[in-house]
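Hello,

I am passing a structure over to you, and I hope you enjoy looking around in it. Please open it first, and then read on for what turned up.

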Amino acid sequence: MTKVPFLDVGASYRDLKTEIDEAVGRVLASGWYILGPEVVTFEEAFAASCGAAHVAGVASGLDALHLVLQAWNIGPGDEVIVASNAYIATWLAVTMTGAVPVPIEPREETCNLDPDRLEAAITPRTRVVLPVHLYGQTAEMTAIVAIARRHGLRVLEDAAQAHGARFDGQPAGVLGDAAAWSFYPTKNLGAFGDAGAVMTNDAETADRVRLLRNYGSRRKYENDIAGYNSRLDPLQAAVLGVKLKHLEVWNGRRRRLADRYQAGLAGCADIALPAVAAGADPAWHVYVVRTPHRDALQAHLTHAGVETLIHYPIAPHQSGAYRASPWASASFPIAERLAQQVLSLPIGPHLSDSAQDQVIDAVRSFSPQ
Ligand SMILES: *Cc1c(COP(=O)(O)O)cnc(C)c1O
């Protein structure tokens, strides 16, 4: 029996070894190891890929989220609206500032923030709406941004899973006031370590993030504000510059695999396939099915040599990190049900059709007891 891994993370290096070795060697030989031209070159290329005015490379996706909130002076007394089923980093970025994350339930079919619930969650303390483009599908940004504008709120996209995704033809990253990107190795655009970026069309936000990521300093040893050390590593920037050129082709491969899953798994009893909202063009970071027999299906697939993952098994409000928060005792039935029912099947640019067929056959041969 051939094993089907969830994702072959090392495949991109095997594919692009010559180019990547050249890029890494160039940085090592340059003697320039913090910020500098490699970081600027990648920032400009990544900004251009989304038609954005500014990109500031930072150390991780979590830092990208946090530094934008910090740049907007979000802190104690403020509320930030998040999805109840977000990845925990989305919530952590808010609590890191001292502000309160206010969760609203997602649409169960798309697993994305439900704009119909947004207005009811807005209070005089609300400052920011922070939707995550979960699983690589953009949230319903036209509706979200319209509501935010009406209430004078800013919109921060958590685009960590959405490299190359679009909504109403516009790329993720320029759909709100700023976007936070992660280049964690398993993301659609992944580094060989931690890396992240902030993208925005707002010069003031970009300037502020650049200050915050580098000790609050514009000139060495002059610290205008109390900042952080959260700089994008030039080695990672050089790698990302190579990989960025392949993102569209890789995402095309993901789209094709997603289409094959949608067709090949249609009609399976008790298994709901991902729904795509009108206007959304997902980057298919992960392919997530929902079933009340999730644990049995996962065991069945493991037995058939198919590796799966769960994104995510614990809703943020039930995680140990929020044990002492008011949300710990709150009820978010949709988020809780999703945590019980979601299962991510293998997908990625290097998954072959025949390996995917093995996954499809294995899912189709599952019969819930
Ligand atoms: C990966 C991820 C992050 C955090 O990115 P890091 O680079 O790991 O800090 C934030 N939000 C979402 C939705 C993610 O998937």
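Below are some notes on one helix and the strands beside it in the list of findings.

Please keep in mind that this is a predicted model.

Let's start with helix 12, which runs over residues 353–364. Its 12 residues reach 16 Å from the first C-alpha to the last, close to the 16 Å expected at 1.5 Å a residue. Which of its residues are buried? They are Ala355, Gln356, Val359, Ile360, Ala362 and Val363. These residues sit on the same side of helix 12, because they cover an arc of only 165 degrees around the axis. As a general point, residues three or four places apart in an α-helix point the same way, since there are 3.6 residues a turn. On the face of helix 12 turned away from the buried side you will find Ser354 and Asp361, both exposed.

What covers the buried residues of helix 12? The cover includes helix 9 (247–264), helix 10 (294–303) and strand 14 (342–345).

Gln356 is worth a click: this residue of helix 12 is buried, with a relative accessible area of 0%. Leaving aside residues up to four places away in sequence, Gln356 touches Leu257, Arg260, Tyr261 and Leu351.

Now to strand 14, which is covered on both faces. Val342 and Ser344 are buried on one side, and Leu343 and Leu345 are buried on the other. In a regular strand, side chains alternate between the two faces of the sheet. Strand 14 pairs with strand 13 (residues 287–290) in the antiparallel sense, over 4 bridges. Within strand 14, Ser344 has Val288 standing opposite.

Best wishes

How values were computed: Residues numbered from 1 in each chain as written. Predicted model: local features only at pLDDT ≥ 70, side-chain atom pairs only at ≥ 80, totals over all residues. Heavy atoms only, no water. Helix = DSSP H or I, 4+ residues; strand = E, 2+ residues; numbered from the N terminus. Expected span 1.5 Å × (residues − 1). Buried < 20%, exposed > 50% of the residue type's maximum accessible area, 1.4 Å probe, protein only. Arc of directions from axis to C-beta. Contact = heavy atoms within 4.5 Å. Pairing = 2+ DSSP bridges.
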